[in-house]
Amino acid sequence: MSEQRTIAAKMLCDGAAFHTSVSGEPRAPLCGMGVCMECRATVDGSPHQRTCQTLMDQPPSTAPHQAHFDVLVVGAGPAGLAALWAASQSGVTAGMVDDNPAAGGQIWRNALPAEWAQRAARLESNFLPGTRIYATASTPNGLWAERGSPSQRVHITYNKLILATGARERFLPFPGWTLPGVFGAGGLQALVKTGLPVEGKRVVVAGSGPLLLAVAAYLKKRGARISLIAEQTTRARRNDFLTLLLRNPSKLLQAVKLRAQLGAIRYRMSTWVTRAQGEGRLQGVTLNGGRTLDCDYLACGFGLVPNTELAALLGCRIDDGYVAVNHSQQTTVDNIYCAGEPTGIGGVDKAIAEGLIAGYAATGQTALARAGFPKRDRGNLFRRQLDTAFALRPELAAITTPDTIVCRCEDVHLAKILDHRSWRDLKLQTRCGMGPCQGRICGPAVEYLRGWPADSVRPPLYPVEARHLL
Amino acid sequence: MSAADVVILGAGLVGASCAESLSRQKLRVTVIEAGVVGAGATAAGMGHITVMDDSEAQFALTRYSQSLWRARIKELPASVEWQNAGTLWVAADDEEMQAVHTKQAFYTQRGVPVHTLDARAVVEAEPNLRPGLAGGFLVPQDSVIYAPCAAAWLMQRAKAAGAHMRLGVRATRVDGRRVHLDDDTHIDAGSVIVACGHWSRQLLPNVPVRPRKGHLAITDRYPGFVHHQLVELGYLKSAHGHDNESVAFNVQPRATGQLLIGSSRQFDIEHSEVEPRFLARMLARAFEYMPGLQNMSIIRTWTGFRAATPDSLPLIGPHPSHDGLYLATGHEGLGITTSLGTAAILTDHMMHRPPAIPIEPYLPARFANV
């Protein structure tokens, strides 16, 4: 599955303006995944369009107005594809939707493991790309989705639902992070995969987690000059993690391959960006310790945050930020399953293992589901190892200075946030988290800075045209 | 145990106004709020400062309150986002134009500046309304504020005048002049004011307020699309009728360029969830009047509960059978407007001074068995 160019990639390439923030700053895409809303621009006369999710040559929408699936999978990343494949083995009608124009997920996209790429190709007729679920319908087991541009509404019903809604990047705000040229790590990769050239660009990759290495390797392959990979965790923790990998041959192999691809690129532990600087766009970064580096792009992400909003809207119990599931990946709501990052950030192997279990379990193939438990359990072990190895150090809270914008939608600075005693109070008094990204970017940052977990979820899950709420 | 001259239960805009007004009389005021400042109907509502003519008593209180707001425009912090948008009542047909003429006479006789607009003038005033409307009625002094910040500002003023505030504690029982709290403490007070909106019933089960649920939706930023607070004349039927369910076209421009789309009213619904079917009904009504709203991006929807009374007038004044207990609730959809007036006449009453407008129409004693 090749990917086509998005409007956001084309606009970045042309140096076109996206939108201006409420306090007058020019803004450009951050997340590259349709979450942050910073890529909004007026497209064909319609304001506030998310350009990172819209193709340059958007095919006219051929959306059915109504669709029914015995099994509906939401999310076409590794977990979703595995679930769709497993469910399809039973002969039921299984369908899959994803916000993105193509399958593969936010990180893997068109670079899925070969076996899964083939399976994905075979299942393509069951896939509705560019389809975003934004609300539950009043009919039982019904959801509302929108797709296409101009968007059309689709009423989708299911007997069994598998949520494979993946994750987004965690951002910790620091001075200058609102400059155009600062991206998420996965975000810059997503933009490059959808048409942004990076040949010859000087890129700093910073934050935490193995994703930084994968992104750096990918960008390097596409001709970028990676100046540095800055990892906040300590050398000791990283070494402990590597020791554990010795017992996980497939992961170890991945790590060795990655390291080989990175070649001489510097990979520094206990290092993080404290400031991004530039006139109107990013020109350089300052690291802890005071060193500065010139660069064109910064790709930064501090791990991943699970996308649990749809699960929460459907009434599934969320424990400590993750969707609660039983051994068969079933949530606390009958007929709703969940697989992949929303149940715990564990990467592709865990996602595929859980997707298979969910797909088999949802279609009564219990023996096959059970056969997948050991692999899933190994995935969960890896998840816990990741959590420990890349836990965010408390000093990182200091990179957010009082005059740093935390809520990019409403331009709320940290100083304001510190004045309030709860999320509710903060929201009401400053509108922090009340903008079009609905707190998906500032929420995890505020949670890290103040310890307040995310608020309740209401429809629409994403901004939608008012007519779609009829 | 602690003591105060006045304990106010509830830090919504009404409670905060009372706190400010009474603490400026050198009374020792303590405000008890279970959540955060301005988080109930204050946060959920649209935030208009409007003069209404449903009854003489409603007119008197809304007009007096608006004059109090206008007298303080210069004091308001920027966060309150005071906008003198004016209210434009929209008449769909000739029958509604008749209502416009009646309103025109009512307001004019009482000295409120208003303008009647014909079909062409409505188009000029609001080009995005649907074509073919009969006319409208403009109340230019009506305004719009961001109410949660107004409540916070009034609480801050109250604190500057010596008031205390306790957040995160709930009053569980009022026993004479003693208020019991859910942290197993109590406060003794000279007077207790219950200003908890529809939650007042939890303390005083016989208070005649019913929760009346409303839905609202807010758009992304579309500056200049709407200039006035727009309301269909049919709103009066919706707001002042007692049908179990009704919707009316009501769109408000916010200082941010966002549009707030309402309005809906439902009795006897206790849960606060957004109800897609009812939201749809409300939006469909808005689209009838303003088709361009259909393509606007809705970023959030929510609900809230108004405290409605049987005669659509608030409950302001002493409880008829409990010495030292006062009510300041039942403002339904007009609590933002009438907060300052409520505080002023209640303060005057408690200080044994003649209020600027008669308090009698709002006294809780008008209902038997309160």
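Mentor: Happy to. S312(B) sits in the loop between β16 and β17 (315-318) of chain B, and its phi is near 60°, a positive value in a residue other than glycine. Most residues other than glycine have a negative phi, and most peptide bonds are trans. Helices (H or I, at least four residues) and strands (E, at least two) are DSSP runs here, numbered from the N terminus. This is a predicted model, in which local features need pLDDT of at least 70 and side-chain atom pairs count only at pLDDT 80 or more, while totals for chains, interfaces and linings use all residues. Residues are numbered from 1 along each chain as its sequence is written, chains are lettered from A and ligands numbered from 1 in the order in which they are written, and side-chain values use heavy atoms, with hydrogens and water left out.

Chain B has another backbone spot to look at. G262(B) and S263(B) are joined by a cis peptide bond, with omega about 0°, and S263(B) belongs to strand β15 of chain B, residues 258-267. Chain A has a cis bond as well: the one from P459(A) to P460(A), with omega near -5°. P460(A) is in the loop between α15 (442-450) and β26 of chain A.

Now widen the view to the whole interface. In chain B, 35 residues are in contact (heavy atoms within 4.5 Å) with 30 residues of chain A. The two chains bury about 2700 Å² between them, and 55% of that is on carbon and sulfur atoms. On the chain B side, R221(B), I299(B) and R300(B) lose the most area to chain A, together 19% of what that side buries. Buried area is the accessible area (1.4 Å probe) that two parts lose on being put together, summed over both.

Three salt bridges are counted between chain B and chain A, a salt bridge being a side-chain nitrogen of Lys or Arg within 4 Å of a carboxyl oxygen of Asp or Glu. R221(B) makes one with E410(A), and the closest N and O atoms are 2.6 Å apart. As for the elements involved, α6 (147-160), β12 (210-221), α9 (276-289) and β16 (297-308) of chain B each give two or more residues to the side that touches chain A. The largest share, seven residues, comes from α9(B).

Let us carry on into chain A, starting with its sheets. An open sheet of five strands runs in the order β12-β19-β13-β14-β15 of chain A, with parallel pairing. β12 (182-183) and β15 (267-268) of chain A stand at the edges with a single partner strand each, so one side of each is left without a neighbour in the sheet. Inside that order, β13 (residues 202-208) and β19 (residues 297-302) of chain A are joined in parallel over six bridges, and V205(A) stands opposite A299(A) of β19(A).

There is also an open sheet of three strands in chain A, in the order β16-β17-β18 with antiparallel pairing. Here β16 (273-277) and β18 (292-294) of chain A stand at the edges, each with a single partner strand, so one side of each has no neighbour in the sheet. β16(A) and β17 of chain A (residues 284-287) pair over four bridges in the antiparallel sense, with Q277(A) opposite G284(A) of β17(A).

V74(A) has L163(A) of β10(A) as its bridge partner. β5(A) also pairs in parallel with β6 of chain A (residues 94-97), over four bridges, and there the bridge partner of V71(A) is A94(A).

Finally, back to charges: the structure holds 42 salt bridges over all chains. One of them joins the side chains of E38(A) and R27(A), at 3.0 Å from N to O. E38(A) lies in the loop between β2 (26-27) and β3 (40-43) of chain A and R27(A) in strand β2 of chain A, so this pair ties together parts that are 11 residues apart in sequence.

How values were computed:
Pairing = 2+ DSSP bridges.
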